[in-house]
Amino acid sequence: MGTTDIAARGRPFGKGTGFRKSLMTLAASVMLATSAHGATPATAEVNTTGLAVTDDTVTVGILHSITGTMALSEIGSVQAEKLAIDQINASGGVLGRQIEFVQEDGASDWPTFAEKSRKLLRQDNVAAIFGAWTSASRKAILPVIEQYNGMLYYPTFYEGLEQSPNVVYTGQEATQQILAGIDWAVEAKGAKTFYLLGSDYIWPRTSNKIARKHIDKLGLKVVGEEYYPLGHTQFNSVINKIKLKKPDVIFASVVGGSNVAFYKQMKAAGVDFTDEKPLLLTISVTEDEIRGIGGENVEGIYASMKYFQSLDNPNNKEFVAAFKEAYGDDMVIGDVTQAAYLGPWLWKAAVEKAGSFDIDEIRKEFAGIEFNKAPEGYVRIHENHHLWSKTRIGQAQLDGQYKVVYETEELMEPDPFPEGYQ
Amino acid sequence: MFDGYTSSELMSIFAMQGFAGLSLFSVFVLMAMGLAIIFGQMGVINMAHGEFMILGAYTTYLTSGFFQSYLPGLFGGYFLIAMVLAFIVCAALGALVEWLMIRHLYHRPLDTLLATWGLSLIMQQAYRSIFGAREVGVELPEWMIGAISVTDLVELPINGLFVMIIALSIAVGVYLLMYRSGYGKKVRAVVQNRPMAEAVGINSAGIDRATFALGCGIAGIAGAAFTMIGSTGPSSGQAYIVDTFLVVVFGGAQSLIGTIISAFGISQAQSTMEFFLSGSMAKVLTLLVVVGILMLRPEGLMALKVRR
């Protein structure tokens, strides 16, 4: 693998010349408008490090898997990032420049991610990379992006324990998702015993470690902790174990195809999640996953995340409508898709605050950058490059959507290196 | 780990665990049967086996969609039709693949490995282009969802029972076909000695094609059945391929009985160990035992005794 080189270059809707023309007119009129305030800053001023910035364009990179196992999860992120880029362009671009993008395919293969990020940084000189999904792909990009001093906007909720000067983490790190979720289960549902279940790799293991520490701190009990290999499809034994232990809460971080097998088999084993005996709290099933699992198999489970498609606020309504208009009515939007959408907007805000595309200039400005139009509500970048965000609990409905039943009052502080949890 | 449970609770858990082992056994039999025919009887290493299974799953998905839109009244029975269709579609594609690709590679068995691996990538990407990268949800008719409660604690999943019945029927069907029919006799003749079989007038090319198609068709039925318990996505087939080869190789490549015995052994070992250890450890131990036994018996459990 890794030979498939699907590189696309151009504007998001590059095919239709009519659209391009209208876009140009739009751009021109916007430029006129900005020139009323003051001319678009000269390229030499805003770009001193040889990035792909011209007088009227700036090039960014999109790097996700569009082939291979992970394509399933990553395509939503690609769509969200392109949508954000379109919208930014339509509203005048960044520092008066229209965003163009180069898209590369990571092909679900971690070395390919490293290679493609090198290509984006060295050959295309992109001003930002929106990409990566799994922790493994991020770890593959990390040395490259640090070596060439690029900036990666990473959308997935992840295990934390990382803070690179060259990455902005637009998803939640583990403590934001987990602590609030467990607190809710304890306070609202009176949970006393927990069964931790996950796929066998770094994210579920780290997440469960944090969960276990937190449960211990609360003086409650973990009655079982289990991991299954990625892609595992037979969960009958663990279902029996759960029946034997009778926990109040199953805390699940199963991912990928295993998810489908797990929930179908739970349902088949006569477990009705709407009874909440046991209650299932997941940190890995977004609306995207439910499409594959089937609403009837997960009805009643709870998820702890920062975003649900059903969030009732004007930003989100606009976002969902725009997303469906661009990609079709049957699209669903999960937590990561929304976080990916934040990437280009946060980059734009940072660039405009710094008055420069230079990575070092942007980095100085990150702390405190706010984005009021976020579909999840309001977000702010913490000095550790993660986002302050609220955590919400949603209950899965038959139609595959979550109903929000709880949200934290305050923004949760991102804490990638939680003391006492490692 | 059993402190504080009454003996009746323990009994029911063991009953359920036994059932879990049996349903894993039937899953293994279903997965491995098609491959046992192709790999065991023809010596073709079919890396695209998982993708043929997923083709069966997608056929089921399309059939369910069709019934929902056009024949909602008959939705309850769509699954049986879907399985027949899955067999036909997969067998047809199997025959085509054999004609286009496999038959040119019989003398180069290792090249079939590469060629069918390439085929599996092509099929995965085709699914991705046609059905989208996301997994699709296959809706089941009402009667197949849920469990039969025997007692309070013992609940037998209906779809698990259904998979068992399918696995049993296919095993019996394949047995009858291979050991009680004229076609089976010819297949076995070709496997044991191709030149001699040809000399007595058996059309070995035709037998090859039919056998490959049969193996693929059975994979299709397996795929249809697995929509009940697993995911249907472009790369879901990859989840099955390792276990499938494990079962077939462990059983002894040329023996169908061996395949069934090995499926039974591996499934029981795995589900018992899963109960006492963690899932990943159970898998590791199962693999270790299999590797150990294969070192002692490189031909697998049931080696076919023929003069070479």
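In the predicted model, strand S9 (residues 249-253), helix H9 (residues 257-268) and strand S10 (residues 279-282) of chain A form a β-α-β unit of right-handed sense. Strand S9(A) and strand S10(A) are paired in the parallel sense, with four bridges between them. Within this pairing, A:Phe251 has A:Leu281 of S10(A) as its bridge partner. Strand S9(A) is also joined to strand S7 (residues 193-199) of chain A, in this case by five bridges, and these two strands run parallel.

Strand S9(A) is mostly covered, five of its five residues being buried. The side chains of the strand are divided between two directions: A:Val249, A:Phe251 and A:Ser253 point one way, while A:Ile250 and A:Ala252 point the other way, and all are buried.

The loop between H9 and S10 of chain A contains A:Pro278. The peptide bond that leads from A:Lys277 to A:Pro278 is cis, with an omega near -5 degrees. Most peptide bonds, by contrast, are trans, and most residues other than glycine have a negative phi.

A:Ala132 is not a glycine, yet has a positive phi of about 70 degrees. The residue is placed in the loop between strand S4 (129-131) and helix H5 (135-147) of chain A. A residue counts as buried if 20 or more other C-beta atoms lie within 10 Å of its own; A:Ala132 is therefore buried, because 31 other C-beta atoms lie within 10 Å. A:His385, likewise a residue other than glycine, has a positive phi near 70 degrees. The loop between strand S13 (377-381) and strand S14 (387-388) of chain A holds A:His385. With 22 other C-beta atoms within 10 Å, A:His385 is buried as well.

Helix packing within chain A is illustrated by helix H3 (residues 71-90) and helix H13 (residues 335-354), which meet at an angle of about 35 degrees with their axes 8 Å apart. The crossing of H3(A) past H13(A) is right-handed. On the side of H3(A), the residues in contact include A:Gly76, A:Ala80, A:Leu83 and A:Ile88, and on the side of H13(A) they include A:Val336, A:Tyr341, A:Trp345 and A:Lys348. By class, the residues of this contact comprise ten nonpolar, five polar and two charged.

A helix pair also spans the two chains. Helix H8 (residues 236-245) of chain A packs against H10(B) at an angle of about 35 degrees, and the axes are 9 Å apart. H8(A) passes H10(B) in a crossing that is right-handed. A:Asn236, A:Ser237, A:Val238, A:Asn240 and A:Lys241 of H8(A) are in contact with B:Ser271, B:Glu274 and B:Phe275 of H10(B). Two nonpolar, four polar and two charged residues make up this contact.

Taken as a whole, the contact between the chains involves 35 residues from chain A and 41 residues from chain B. On the side of chain B that touches chain A, the elements that supply at least two residues each include helix H4 (109-131), strand S1 (147-149), helix H5 (158-179) and helix H10 (256-276). Helix H1(B) gives the most to this side, with seven residues. The residues on the side of chain B that touches chain A fall into 16 nonpolar, 18 polar and seven charged.

Notes. Residues are numbered from 1 along each chain as its sequence is written. Chains are lettered from A and ligands numbered from 1 in the order in which they are written. This is a predicted model: local features need pLDDT of at least 70, side-chain atom pairs count only at pLDDT 80 or more; totals for chains, interfaces and linings use all residues. Two residues are in contact if their C-beta atoms, placed from the backbone, lie within 7 Å. Ala, Val, Leu, Ile, Met, Phe, Trp, Tyr, Cys and Pro count as nonpolar, Asp, Glu, Lys and Arg as charged, and the others, Gly among them, as polar. Axes are lines fitted to C-alpha atoms, for helices over the stretch in contact, and angles run from 0 to 180 degrees between N-to-C directions. A crossing is left-handed if the near helix is turned anticlockwise from the far one by less than a right angle, and right-handed if clockwise. A residue is buried if 20 or more other C-beta atoms lie within 10 Å of its own, exposed if 12 or fewer, and partly exposed in between; C-beta atoms are placed from the backbone. Two strands pair if DSSP finds at least two bridges between them. A crossover is right-handed if, with the strands pointing away from the viewer, the path from the first strand over the helix to the second runs clockwise.
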